[in-house]
Each structure stands twice: as C-alpha cells, then as structure tokens.
Amino acid sequence: MPATSASLYEQLFPLTTVMKQRFVDNFSGDALDTDRWTHSDLTGTGSSGISDAVDGGGFVKSGGGSADASQMAFNGVGQYAYNASVCIGVTKTATTTSFSRFGFTSNGTTATNLNIADFENNSSDTYTSLRSGDASTTSVINSTTAQHVNWTAIKLELTASNIVLYEEGVSTATKTTNLPVASLEPILRIESASVATVKEISVRYMECYNT
Amino acid sequence: MVFNSVYEMFNPLTEVRKQHFWDWFSGDDLHNRWTKRDNSGTGVFNMVDAVDEGFSITTGAAATNNRSRIDHNNKRWVAHNGSELIAVVRRVTTTNMICQVGLHGDANTSPTEIAVYRDQTSNTNKVLFNGDATSTTSTDSSIVVDENYTNVKIQLTSSSAKMTLAGVLEATSTTNLPDSKMQPAFESRNITSAGAKECRIRYFEAYNT
C-alpha cells in the first residue's frame, strides 16, 4: 500500500520546498485544451484534437501534402528552463513516411530548429534520435532504439551540461553539444517525409517541469 | 515518500501508461474538456459557490424525464473491458430524481451501453446500473439512497462490473456488460413529475487498466 498524503503537492515535494513551474495533460475529454495548446500549420493545413478511440489520447495531423507539417505548442510562452527541466510523455508516431518530434522548442509557432530539445522518430532512419539546437546550430544523435510506430514512454532531462533521452525508463542517448540557451515550451510536431497523405503524431500524456 | 513526477505516482517510467483522466471541479466554470448536454429540457450547469460543493447540474423543470449531463462528446477513450472510475457525487433534490455517474457508450438520451452508479429516489438502495447494446441490468447495493456525498468506484473487466461505495464492494454484475468503447458521464434527471432536480459532483477520475 503506497503512502498517502493530504495533498497532491506533498506527493511531489515536502512543504518546505517551493515548487517550480509544472504542467500535466492527460489528453482526455471532448476536445483539446485550446486554452493551453495552440495549433500551428507550418506547411499545408493540418489539425490537432482528441481521438475517439480507447487509449487514443490527443493528436496532431499534417495536411495531405507530401511536405506538409503541423505542430501544437504554447504559443511562444516559454516557462521551462533550457538548463534544468524535464519532459515526460507517452507518444507515438502513428504513421509511416513521417517525422515526429516530442519535447521542447523556443518558439512553438514557427518551424525553428534553434534552441530546441526533442525526441525524434523519423521513419526513414534506422533508430529514434535526440536532437538539440543552440542559438546557431542544430545537431542530432541516434538513440539505441530501432525506429518504430508504437506507443512509447519518453523522458527528456535537460541540465546545463547535457540532455539525456530515456525511452521506457532506459537511457538511450546523451547529448552534450548544441544545447539550447533560451527558455522553452512543450511541442508536438508532425512532418510528412514523403508520400502525399495525412501524417499523425499521437500523445496520451505529457508532463514538463523545472528542476 | 515523494515522487519526481505525476507520471511516476501511477506508473514506473518503464511502463507505457494507458489513458488516465481526472477533474477536481474547481474553478470559475467547468473545464472545456467536458461537453454540457441537455438531452431533454434545458438544464442549469454551474460551479457551486460553497465549500466542498463542486459542480452542479439541475435539470430543466418543464416536463418529466428532463435530463442534463456532462460527457466527453463521444470521445470514447475508456475501455469497456479494462477500466476503473472513481467519483464523489451527491443527489441534492430529495424527491423524483435520478443522480448518476459513470461511463456511457453514446451521448444520446438513453445509451444502453452503460455502467453507472445510480441514486434514484424511487429506489430503496443505491444501484449499479449497466447495459450492453440491447439490455440493461440493475444490481442493488446495501446502501440506502441519500443526499450525502458518496465515494464511488466502478471497475470494468471482460467478465464483470463491480461497484464499491465508501471503500466496500457493494454490487457485482456479470450480465449485460458493456461491449464497446465508453466515455465519462455525470447526469441529473427528473422522474415521475416535472420540476428542476439537482445533483453535484466534486471529483471524477477514470483510467484504463
């Protein structure tokens, strides 16, 4: 029997600790929480929403063009520290011939690849990957996990010296170069890699917090 | 013990978590994840300005069987054969009404795919009410209907629906179990005569197992 406490707060911290910024989304309900999330179309016209399927969670879909891309994020509100934060989620790239990103960006309304940190699942790669960018350069390293289209539990841990990617509790990549240097917001992005059909990233849970 | 994350309160990071939802019914209005629905008549939906009274649905008053509810607008993410829900609810009006909370298969007026706790003033005891696509079953608990806040838990598996009230297993049903995907729902309904009837909810949590 786990220990209980009078508050949710005390499940996370003793009352002597001043909690930093945190958000949790279960992606369950009649519609996406658009008070929180802003959908942006980078190319083409996609959509974001909630799935009518058991354990389906939320989604971002691209338009039907072969190079279309869409995302949802916090509309430029960067509350998470580039050098001391964590992002946990359950997500999947729901379609092949696509390129999905889960994690942090410095600007959730544009296609920027600078000041970012994300888990990538590119159907044309052999492995999933960890990508980050500082103010001028972006780079990518492979994880040790073969590329897939299954639900997976992701954790990104950002510190001043590195970013560590965990996939289902196992550290699969650590990156020490091109770390972001600006405040961050959560992001989910889907891009069509080829073939003119709608591509989709699904998300069942997302939690980010400063450490 | 403290947890590093909300995620780890329920699952280790080695597990791919299934869908999970909760609502505290605290704020200036209902969270936009719910749809307010008047299945019959025009109800009143409001956050109650009182200590520990949560969210209220009062039915329309014009006719018998006026009913109003909140649900997930047919975003049916809950498994009929592997899920649990916990809710804290109470019937406010003392006569001629049904207060129910649980899972519905459809947003229409009378979903048959259903698994709910029901406090009905014309019954002696609170019941577990469940149904498949064609038939429904009502199973009595030992708890007399009342106007007190009640802690309800319903567990759905492929072989049974179980209802626990205040921590005690009170009803088990093995017939007419729902057989399609479900959504959370909370409903007030008047019965027997016209009139505005009220039910309140303080907490709702559902998750797939």
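Among contacts in chain B between residues at least 6 apart in sequence, 65% join residues at least 24 apart; two residues are in contact if their C-beta atoms, placed from the backbone, lie within 7 Å. The model is predicted: local features need pLDDT of at least 70, side-chain atom pairs count only at pLDDT 80 or more, and totals for chains, interfaces and linings use all residues. Residues are numbered from 1 along each chain as its sequence is written, while chains are lettered from A and ligands numbered from 1 in the order in which they are written.

Chain B has 1 helix and 15 strands, where helices (H or I, at least four residues) and strands (E, at least two) are DSSP runs numbered from the N terminus. The radius of gyration of chain B is 17 Å, close to the 17 Å that the globule rule gives for 209 residues, so chain B is as compact as a globular protein of that length. This radius is taken over C-alpha atoms, and the rule is 2.2 Å times the number of residues to the power 0.38. Buried residues (20 or more other C-beta atoms within 10 Å of their own, placed from the backbone) make up 44% of the 209 residues in chain B.

In chain B, 7 strands form an open sheet in the order 2-5-14-7-8-9-10, with antiparallel pairing; two strands pair if DSSP finds at least two bridges between them. Strand 2 and strand 10 of chain B stand at the edges, each with a single partner strand, so one side of each is left without a neighbour in the sheet. Within the sheet, strand 7 and strand 8 of chain B pair in the antiparallel sense over 7 bridges, and C99(B) has D119(B), in strand 8, as its bridge partner.

| Strand of chain B | Residues |
|---|---|
| Strand 2 | 35-40 |
| Strand 7 | 97-104 |
| Strand 8 | 114-120 |
| Strand 10 | 136-144 |

The contact between the chains takes 31 residues from chain B and 32 residues from chain A. On the side of chain B that touches chain A, helix 1 (7-10) and strand 1 (20-23) of chain B are the elements that give two or more residues.

The largest nonpolar core has 43 residues, and those with the most contacts inside it are F104(A), A117(A), L156(A), L188(A) and I201(A). Such a core is a set of buried Ala, Val, Leu, Ile, Met, Phe, Trp, Tyr and Cys residues joined through C-beta atoms within 7 Å. Strand 15 (residues 200-210) of chain A provides the largest share of this core, 6 residues. Apart from it lies another core, of 39 residues, including I57(B), M97(B), M182(B) and Y207(B).

Technical notes:
Buried ≥ 20, exposed ≤ 12 C-beta atoms within 10 Å, placed from the backbone.
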